[in-house]
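Student: Hi! Could you walk me through this chain?
Tutor: Happy to. Here it is.

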Amino acid sequence: MKYGNVRNIKKEILSDNWYTLNKVTFEYQKEDGEWEKQIREAYDRGNGAAILLYNVEKGKLVLTKQFRMPTYLNGNKDGMMVEACAGLLEKGNAEETIKMEVEEETGYEIDKVEKVFEAYMSPGSVTEILYFFIGEYNDAMKVSEGGGAEDETENIEVLELDFKKALEMMETGEIKDAKTIMLLQYLKIHGLMTP
């Protein structure tokens with residue numbers, strides 16, 4: 001099977017307010033060789049990184065809780081989301097970005113992280129690749145209260161939860177964030193934490 005031949009790409013910026021929304025017109029060659037005109041919209045917000053902090057001895061994880069307007073608009077009654085720590089890449093370096101985000105959002109200063117995979121989170125409409133990390137933490141690494149960067153209006157609450165409780169929250173729908181679910185499943189599948 002032959003897929004992926006694309007030609008005559010034309011981009012038109014529809015919005016450049018928060019991030020960039022492009023209207024993309026192109027021709028796509030189908031399996032039978034025929035060229036077909038297609039029009040799509042693609043939201044470019046840059047690439048990002050996410051991390052799940054875990055402590056094997058305590059059986060706990062560090063997650064964040066914050067208001068997310070898009071979820072509120074789509075029926076999340078209070079707009080609050082429990083999530084793994086995450087942020088947009090700065091200078092293209094996922095590892096350094098996630099270490100910085102951990103300190104800003106959670107107040108923990110960690111020096112070792114492990115990249116476990118990467119994924120397109122919404123490939124039908126968003127260009128973002130998300131780099132996924134895990135990292136061990138302990139109480140001695142706590143250097144501040146966290147809460148996010150003042151200039152980013154994040155208002156983040158830091159949560160330290162039992163691994164079992166986090167898995168239950170995923171099952172009941174209290175945790176609905178895809179990146180967090182993926183990282184919780186990673187820890188469980190690889191036996192790094194036990195409920």
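Student: What share of the contacts in the chain between residues at least 6 apart in sequence join residues at least 24 apart?
Tutor: That share is 57%, where contact means heavy atoms within 4.5 Å. Keep in mind that this is a predicted model, where local features need pLDDT of at least 70, side-chain atom pairs count only at pLDDT 80 or more, and totals for chains, interfaces and linings use all residues. Residues are numbered from 1 along each chain as its sequence is written, and side-chain values use heavy atoms, with hydrogens and water left out.

Student: Okay, how many helices and strands does the chain have?
Tutor: There are 4 helices and 10 strands; these are DSSP runs, H or I of at least four residues for helices and E of at least two for strands, numbered from the N terminus. In sequence order the pattern reads β-β-β-β-β-α-β-β-α-β-β-β-α-α.

Student: Which residues is Q38 in contact with, leaving aside neighbours within four places in sequence?
Tutor: Those are V24, T25, F26 and Y28.

Student: Nice. Back to the whole chain: what percentage of its residues count as buried?
Tutor: Of its 195 residues, 38% are buried. The C-alpha trace spans about 60 × 40 × 35 Å along its principal axes.

Key: Buried < 20%, exposed > 50% of the residue type's maximum accessible area, 1.4 Å probe, protein only.
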